[in-house]
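Keep the sequence and the model in view while reading.

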Amino acid sequence: MNLDFYTDPEIAILLNYGDVRRTLDEALVDLATGRASVFPRQRSSCGDIKLSAMGGIWPSRGVAGIKSYPTVKGQFSFLISLFDIDNNRPLAMLQANEITRLRTAALATLVASKAANPGAKQLALIGAGLQGGAAAEALEECLRFNEICVVDPAIQPFALTQLTSRLKAPVRHCTAEEAVRGADIVVTASRSKTPVFDGAWLKPGCLVVAIGTSLPDGRELDDETLRRAGRVIVEWKPQSMAEAGEIVLGLQQGALNVEKIVDLAQIYRGEQPWRASGSEIVVFKSVGIGLVDVATACLAVEKAGHHPRPRA
Ligand SMILES: NC(=O)c1ccc[n+]([C@@H]2O[C@H](COP(=O)([O-])OP(=O)(O)OC[C@H]3O[C@@H](n4cnc5c(N)ncnc54)[C@H](O)[C@@H]3O)[C@@H](O)[C@H]2O)c1
(Lines give C-alpha, C1' and ligand atoms only; values in the text may rest on other atoms or scores of the structure.)
Protein backbone atom coordinates (compact mmCIF):
# COMPACT_ATOMS: atom_id res chain seq x y z
CA MET A 1 0.00 0.00 0.00
CA ASN A 2 1.25 3.45 -0.90
CA LEU A 3 0.26 5.93 1.81
CA ASP A 4 0.99 9.63 1.21
CA PHE A 5 2.58 11.62 4.04
CA TYR A 6 2.28 15.40 4.10
CA THR A 7 4.61 17.57 6.18
CA ASP A 8 3.82 20.97 7.70
CA PRO A 9 5.90 22.88 5.10
CA GLU A 10 4.04 21.08 2.28
CA ILE A 11 0.69 21.93 3.86
CA ALA A 12 1.72 25.58 4.26
CA ILE A 13 2.18 25.71 0.48
CA LEU A 14 -1.10 23.92 -0.31
CA LEU A 15 -3.47 25.84 2.00
CA ASN A 16 -4.47 29.41 2.71
CA TYR A 17 -6.89 30.96 5.21
CA GLY A 18 -9.58 31.82 2.64
CA ASP A 19 -9.82 28.34 1.12
CA VAL A 20 -9.84 26.72 4.57
CA ARG A 21 -12.57 29.14 5.73
CA ARG A 22 -14.80 28.25 2.75
CA THR A 23 -14.24 24.52 3.30
CA LEU A 24 -15.13 24.81 6.99
CA ASP A 25 -18.31 26.66 6.03
CA GLU A 26 -19.29 23.66 3.84
CA ALA A 27 -18.41 21.15 6.58
CA LEU A 28 -20.54 23.06 9.10
CA VAL A 29 -23.51 23.10 6.72
CA ASP A 30 -23.16 19.32 6.55
CA LEU A 31 -22.74 18.99 10.33
CA ALA A 32 -25.93 21.00 10.85
CA THR A 33 -27.90 18.74 8.53
CA GLY A 34 -26.57 15.40 9.78
CA ARG A 35 -24.29 14.83 6.77
CA ALA A 36 -21.11 15.12 8.85
CA SER A 37 -20.25 14.22 12.42
CA VAL A 38 -17.80 15.05 15.17
CA PHE A 39 -15.71 12.49 17.04
CA PRO A 40 -15.33 14.26 20.40
CA ARG A 41 -11.91 14.70 21.96
CA GLN A 42 -10.68 11.88 24.18
CA ARG A 43 -7.88 12.60 26.64
CA SER A 44 -5.64 10.38 28.69
CA SER A 45 -2.71 11.33 30.89
CA CYS A 46 0.27 9.73 32.57
CA GLY A 47 2.08 12.08 34.92
CA ASP A 48 2.72 15.32 33.02
CA ILE A 49 2.13 13.78 29.59
CA LYS A 50 -1.28 13.96 27.92
CA LEU A 51 -2.47 12.08 24.85
CA SER A 52 -5.54 13.38 22.98
CA ALA A 53 -7.52 12.28 19.94
CA MET A 54 -10.41 13.92 18.07
CA GLY A 55 -11.89 13.52 14.62
CA GLY A 56 -14.82 13.53 12.29
CA ILE A 57 -16.67 11.83 9.45
CA TRP A 58 -17.51 13.77 6.28
CA PRO A 59 -19.28 11.36 3.91
CA SER A 60 -20.12 13.95 1.25
CA ARG A 61 -16.34 14.36 0.75
CA GLY A 62 -15.63 10.67 1.17
CA VAL A 63 -13.40 11.03 4.23
CA ALA A 64 -13.16 10.24 7.93
CA GLY A 65 -10.19 10.90 10.15
CA ILE A 66 -8.61 11.28 13.54
CA LYS A 67 -6.18 13.89 14.81
CA SER A 68 -4.01 12.62 17.64
CA TYR A 69 -1.41 14.47 19.67
CA PRO A 70 0.65 14.21 22.83
CA THR A 71 1.12 17.28 25.02
CA VAL A 72 4.63 17.34 26.47
CA LYS A 73 5.82 20.29 28.60
CA GLY A 74 2.78 22.23 27.36
CA GLN A 75 3.71 21.73 23.67
CA PHE A 76 1.58 19.85 21.11
CA SER A 77 2.64 17.65 18.18
CA PHE A 78 -0.30 16.97 15.85
CA LEU A 79 -0.81 14.12 13.36
CA ILE A 80 -3.93 13.33 11.28
CA SER A 81 -4.76 9.94 9.83
CA LEU A 82 -7.24 10.38 6.99
CA PHE A 83 -9.35 7.54 5.54
CA ASP A 84 -11.00 7.19 2.13
CA ILE A 85 -14.43 5.90 3.16
CA ASP A 86 -15.60 5.17 -0.41
CA ASN A 87 -12.95 2.46 -0.63
CA ASN A 88 -12.54 1.97 3.12
CA ARG A 89 -8.77 2.33 3.14
CA PRO A 90 -6.22 4.71 4.63
CA LEU A 91 -5.80 7.75 2.38
CA ALA A 92 -3.02 9.85 3.93
CA MET A 93 -1.11 10.80 7.06
CA LEU A 94 -0.62 14.49 7.66
CA GLN A 95 1.63 16.29 10.11
CA ALA A 96 -0.96 18.71 11.48
CA ASN A 97 0.67 21.61 13.31
CA GLU A 98 0.10 23.84 10.30
CA ILE A 99 -3.43 22.48 9.81
CA THR A 100 -4.25 23.29 13.45
CA ARG A 101 -2.87 26.81 13.12
CA LEU A 102 -4.74 27.47 9.86
CA ARG A 103 -8.06 25.89 10.78
CA THR A 104 -8.28 27.65 14.17
CA ALA A 105 -7.67 31.04 12.56
CA ALA A 106 -9.97 30.26 9.62
CA LEU A 107 -12.82 29.18 11.89
CA ALA A 108 -12.41 32.30 14.06
CA THR A 109 -12.59 34.36 10.86
CA LEU A 110 -15.61 32.49 9.52
CA VAL A 111 -17.50 33.19 12.74
CA ALA A 112 -16.30 36.81 12.88
CA SER A 113 -17.37 37.41 9.27
CA LYS A 114 -20.92 36.49 10.28
CA ALA A 115 -21.18 37.50 13.96
CA ALA A 116 -19.26 40.79 14.07
CA ASN A 117 -21.10 43.99 13.25
CA PRO A 118 -20.52 45.09 9.65
CA GLY A 119 -17.71 47.64 9.39
CA ALA A 120 -15.74 46.39 12.41
CA LYS A 121 -12.50 48.38 12.20
CA GLN A 122 -10.61 47.93 15.45
CA LEU A 123 -9.11 44.59 16.52
CA ALA A 124 -7.72 43.83 19.99
CA LEU A 125 -5.41 40.80 20.06
CA ILE A 126 -4.64 39.46 23.52
CA GLY A 127 -1.90 36.84 23.25
CA ALA A 128 0.20 37.21 20.11
CA GLY A 129 1.87 33.80 19.85
CA LEU A 130 1.32 31.16 17.15
CA GLN A 131 -2.50 31.12 17.23
CA GLY A 132 -2.93 34.83 17.98
CA GLY A 133 -0.70 35.86 15.09
CA ALA A 134 -2.55 33.54 12.70
CA ALA A 135 -5.95 34.79 13.88
CA ALA A 136 -4.93 38.43 13.34
CA GLU A 137 -3.64 37.63 9.84
CA ALA A 138 -6.72 35.64 8.81
CA LEU A 139 -9.16 38.18 10.25
CA GLU A 140 -7.39 41.08 8.63
CA GLU A 141 -7.37 39.38 5.24
CA CYS A 142 -11.15 38.95 5.41
CA LEU A 143 -12.34 42.03 7.33
CA ARG A 144 -9.67 44.78 7.04
CA PHE A 145 -8.96 46.91 10.14
CA ASN A 146 -7.89 50.49 10.78
CA GLU A 147 -5.76 49.39 13.71
CA ILE A 148 -4.71 46.24 15.56
CA CYS A 149 -3.92 46.63 19.25
CA VAL A 150 -1.67 43.86 20.56
CA VAL A 151 -1.60 42.92 24.24
CA ASP A 152 1.13 40.50 25.17
CA PRO A 153 3.30 41.45 28.12
CA ALA A 154 5.82 38.71 27.39
CA ILE A 155 6.20 39.18 23.64
CA GLN A 156 9.80 39.57 22.49
CA PRO A 157 10.51 42.76 20.49
CA PHE A 158 11.58 40.75 17.42
CA ALA A 159 8.33 38.71 17.54
CA LEU A 160 6.27 41.92 17.64
CA THR A 161 8.28 43.32 14.71
CA GLN A 162 7.74 40.09 12.77
CA LEU A 163 3.98 40.14 13.45
CA THR A 164 3.76 43.83 12.51
CA SER A 165 5.48 43.12 9.20
CA ARG A 166 2.95 40.37 8.36
CA LEU A 167 -0.06 42.66 8.96
CA LYS A 168 -1.24 45.51 6.77
CA ALA A 169 -3.02 47.61 9.42
CA PRO A 170 -0.97 49.70 11.86
CA VAL A 171 -0.12 47.69 14.99
CA ARG A 172 0.04 49.22 18.50
CA HIS A 173 1.34 47.42 21.58
CA CYS A 174 -0.82 48.55 24.48
CA THR A 175 -2.54 47.59 27.74
CA ALA A 176 -5.54 45.28 27.81
CA GLU A 177 -7.79 48.14 28.93
CA GLU A 178 -6.77 50.44 26.06
CA ALA A 179 -7.13 47.64 23.52
CA VAL A 180 -10.50 46.31 24.71
CA ARG A 181 -12.19 49.70 25.26
CA GLY A 182 -11.66 50.64 21.61
CA ALA A 183 -12.26 47.23 20.01
CA ASP A 184 -15.00 46.04 17.69
CA ILE A 185 -13.50 42.53 17.87
CA VAL A 186 -11.45 41.14 20.77
CA VAL A 187 -9.45 37.94 20.17
CA THR A 188 -7.91 36.11 23.12
CA ALA A 189 -5.27 33.52 22.24
CA SER A 190 -3.10 33.36 25.33
CA ARG A 191 -2.15 30.32 27.36
CA SER A 192 -3.62 32.00 30.43
CA LYS A 193 -5.94 30.01 32.66
CA THR A 194 -7.27 33.17 34.33
CA PRO A 195 -9.22 36.07 32.73
CA VAL A 196 -7.11 38.35 30.54
CA PHE A 197 -9.36 41.46 30.56
CA ASP A 198 -12.26 43.02 32.46
CA GLY A 199 -15.61 42.53 30.73
CA ALA A 200 -16.74 45.98 31.91
CA TRP A 201 -14.38 47.45 29.26
CA LEU A 202 -16.22 45.88 26.28
CA LYS A 203 -18.08 48.22 23.91
CA PRO A 204 -21.73 47.36 23.17
CA GLY A 205 -21.85 45.35 19.95
CA CYS A 206 -18.37 43.90 20.41
CA LEU A 207 -17.53 40.35 19.27
CA VAL A 208 -15.21 38.41 21.58
CA VAL A 209 -13.42 35.41 20.06
CA ALA A 210 -11.79 33.28 22.76
CA ILE A 211 -9.39 30.74 21.26
CA GLY A 212 -7.22 29.84 24.28
CA THR A 213 -7.42 26.96 26.73
CA SER A 214 -9.77 24.02 26.17
CA LEU A 215 -9.47 22.76 29.73
CA PRO A 216 -12.53 23.03 31.98
CA ASP A 217 -10.56 24.51 34.88
CA GLY A 218 -9.14 27.42 32.85
CA ARG A 219 -10.74 30.50 31.30
CA GLU A 220 -9.64 33.65 29.49
CA LEU A 221 -13.00 35.43 29.91
CA ASP A 222 -14.30 36.76 33.23
CA ASP A 223 -17.81 36.60 34.73
CA GLU A 224 -18.59 40.16 33.63
CA THR A 225 -17.99 39.26 29.96
CA LEU A 226 -20.31 36.27 30.30
CA ARG A 227 -22.95 38.32 32.12
CA ARG A 228 -22.89 41.09 29.51
CA ALA A 229 -22.89 38.71 26.52
CA GLY A 230 -26.26 38.22 24.85
CA ARG A 231 -25.11 34.88 23.47
CA VAL A 232 -22.13 32.56 23.77
CA ILE A 233 -21.52 30.68 20.54
CA VAL A 234 -19.61 27.40 20.77
CA GLU A 235 -18.56 24.97 18.05
CA TRP A 236 -20.45 21.89 19.16
CA LYS A 237 -22.27 21.66 22.49
CA PRO A 238 -21.50 18.03 23.43
CA GLN A 239 -17.76 18.83 23.49
CA SER A 240 -17.78 22.53 24.45
CA MET A 241 -20.07 22.07 27.45
CA ALA A 242 -17.52 19.62 28.90
CA GLU A 243 -14.28 21.32 27.86
CA ALA A 244 -14.62 25.10 27.84
CA GLY A 245 -13.75 26.60 31.22
CA GLU A 246 -15.82 29.68 30.37
CA ILE A 247 -18.88 27.43 30.02
CA VAL A 248 -18.19 24.92 32.82
CA LEU A 249 -17.14 27.51 35.43
CA GLY A 250 -19.56 30.18 34.14
CA LEU A 251 -22.51 27.82 34.61
CA GLN A 252 -21.25 26.55 37.99
CA GLN A 253 -20.72 30.07 39.31
CA GLY A 254 -23.98 31.50 37.91
CA ALA A 255 -22.43 34.06 35.53
CA LEU A 256 -23.90 32.22 32.54
CA ASN A 257 -27.23 30.57 31.92
CA VAL A 258 -27.65 27.67 29.57
CA GLU A 259 -30.16 29.54 27.34
CA LYS A 260 -27.39 31.87 26.18
CA ILE A 261 -25.28 29.02 24.77
CA VAL A 262 -25.80 28.22 21.10
CA ASP A 263 -23.72 26.04 18.84
CA LEU A 264 -22.76 26.40 15.22
CA ALA A 265 -25.09 23.60 14.10
CA GLN A 266 -28.09 25.46 15.61
CA ILE A 267 -27.05 28.66 13.85
CA TYR A 268 -26.42 26.92 10.51
CA ARG A 269 -29.86 25.31 10.77
CA GLY A 270 -31.34 28.80 11.18
CA GLU A 271 -32.66 28.10 14.71
CA GLN A 272 -30.58 30.96 16.15
CA PRO A 273 -29.17 34.17 14.63
CA TRP A 274 -25.45 35.06 14.76
CA ARG A 275 -26.43 38.11 16.81
CA ALA A 276 -29.76 39.55 17.98
CA SER A 277 -28.93 43.25 17.49
CA GLY A 278 -26.12 45.66 16.68
CA SER A 279 -25.59 46.41 20.36
CA GLU A 280 -25.45 42.80 21.58
CA ILE A 281 -22.11 41.59 22.91
CA VAL A 282 -21.45 38.20 21.32
CA VAL A 283 -18.86 35.68 22.52
CA PHE A 284 -17.45 32.86 20.41
CA LYS A 285 -15.64 30.34 22.61
CA SER A 286 -13.58 27.94 20.53
CA VAL A 287 -12.08 24.70 21.84
CA GLY A 288 -11.41 23.07 18.46
CA ILE A 289 -13.43 20.18 17.01
CA GLY A 290 -12.09 17.25 15.03
CA LEU A 291 -14.41 17.67 12.04
CA VAL A 292 -12.65 20.95 11.33
CA ASP A 293 -9.27 19.16 11.29
CA VAL A 294 -10.58 16.44 9.01
CA ALA A 295 -12.15 18.95 6.60
CA THR A 296 -8.88 20.89 6.42
CA ALA A 297 -6.85 17.72 5.90
CA CYS A 298 -9.27 16.69 3.15
CA LEU A 299 -8.76 20.06 1.43
CA ALA A 300 -4.96 19.64 1.57
CA VAL A 301 -5.14 16.20 -0.04
CA GLU A 302 -7.58 17.47 -2.68
CA LYS A 303 -5.29 20.40 -3.49
CA ALA A 304 -2.36 18.03 -3.83
CA GLY A 305 -4.43 16.13 -6.42
CA HIS A 306 -4.43 12.92 -4.40
CA HIS A 307 -8.07 12.69 -3.35
CA PRO A 308 -9.67 9.78 -5.21
CA ARG A 309 -13.09 11.39 -5.44
CA PRO A 310 -13.30 14.50 -7.65
CA ARG A 311 -15.27 17.35 -6.07
CA ALA A 312 -18.91 17.60 -7.29
N1 LIG B 1 -9.41 26.81 19.95
C2 LIG B 1 -8.60 26.02 19.29
O3 LIG B 1 -9.01 25.30 18.38
C4 LIG B 1 -7.14 26.02 19.63
C5 LIG B 1 -6.20 25.41 18.75
C6 LIG B 1 -4.85 25.44 19.10
C7 LIG B 1 -4.43 26.06 20.28
N8 LIG B 1 -5.37 26.61 21.12
C9 LIG B 1 -4.98 27.26 22.36
O10 LIG B 1 -4.55 28.59 22.06
C11 LIG B 1 -3.70 29.05 23.10
C12 LIG B 1 -2.49 29.74 22.48
O13 LIG B 1 -1.71 28.77 21.81
P14 LIG B 1 -0.37 29.21 21.04
O15 LIG B 1 0.13 27.98 20.38
O16 LIG B 1 -0.61 30.44 20.23
O17 LIG B 1 0.57 29.59 22.29
P18 LIG B 1 1.85 30.50 22.27
O19 LIG B 1 2.65 30.14 23.47
O20 LIG B 1 2.50 30.50 20.94
O21 LIG B 1 1.25 31.97 22.49
C22 LIG B 1 0.61 32.37 23.66
C23 LIG B 1 0.92 33.86 23.85
O24 LIG B 1 0.08 34.38 24.90
C25 LIG B 1 0.84 35.30 25.66
N26 LIG B 1 0.19 35.46 26.97
C27 LIG B 1 0.19 34.63 28.04
N28 LIG B 1 -0.56 35.16 29.03
C29 LIG B 1 -1.06 36.34 28.56
C30 LIG B 1 -1.90 37.34 29.11
N31 LIG B 1 -2.42 37.24 30.32
N32 LIG B 1 -2.20 38.42 28.34
C33 LIG B 1 -1.72 38.54 27.08
N34 LIG B 1 -0.90 37.62 26.52
C35 LIG B 1 -0.57 36.54 27.25
C36 LIG B 1 2.24 34.68 25.71
O37 LIG B 1 3.23 35.67 26.00
C38 LIG B 1 2.37 34.12 24.29
O39 LIG B 1 2.95 35.05 23.39
C40 LIG B 1 -3.38 27.84 23.96
O41 LIG B 1 -4.15 27.89 25.14
C42 LIG B 1 -3.81 26.67 23.10
O43 LIG B 1 -4.22 25.56 23.88
C44 LIG B 1 -6.70 26.59 20.80
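This is a predicted model: local features need pLDDT of at least 70, side-chain atom pairs count only at pLDDT 80 or more; totals for chains, interfaces and linings use all residues.

How many residues surround the ligand? There are 25, and the closest are Gly127, Gly129, Gln131, Ala154 and Gly288. By residue type, the shell around the ligand divides into 12 polar, 11 nonpolar and two charged residues.

Now step back to the chain as a whole, which is divided into two domains. Domain 1 is made of two stretches, 4-100 and 291-303, while domain 2 covers 105-289. Taken over C-alpha atoms, the centres of domain 1 and domain 2 are separated by 23 Å.

The two domains also meet: 16 residues of domain 1 are in contact with 17 residues of domain 2. Which elements each supply at least two residues of the side of domain 1 that touches domain 2? They are α2 (17-32), β2 (37-46) and α11 (290-303). The largest share of that side comes from α2, which provides 10 residues.

The make-up of this side can be given in the terms used for the ligand shell. The residues of domain 1 that touch domain 2 divide into 12 nonpolar, three charged and one polar. In the shell around the ligand, by comparison, 11 residues are nonpolar and 12 are polar.

Definitions and conventions. Residues are numbered from 1 along each chain as its sequence is written. Domain bounds come from an automatic or database domain assignment. Two residues are in contact if their C-beta atoms, placed from the backbone, lie within 7 Å. Helices (H or I, at least four residues) and strands (E, at least two) are DSSP runs, numbered from the N terminus. Ala, Val, Leu, Ile, Met, Phe, Trp, Tyr, Cys and Pro count as nonpolar, Asp, Glu, Lys and Arg as charged, and the others, Gly among them, as polar. A residue is near a molecule or strand if its C-beta atom, placed from the backbone, lies within 6 Å of it.
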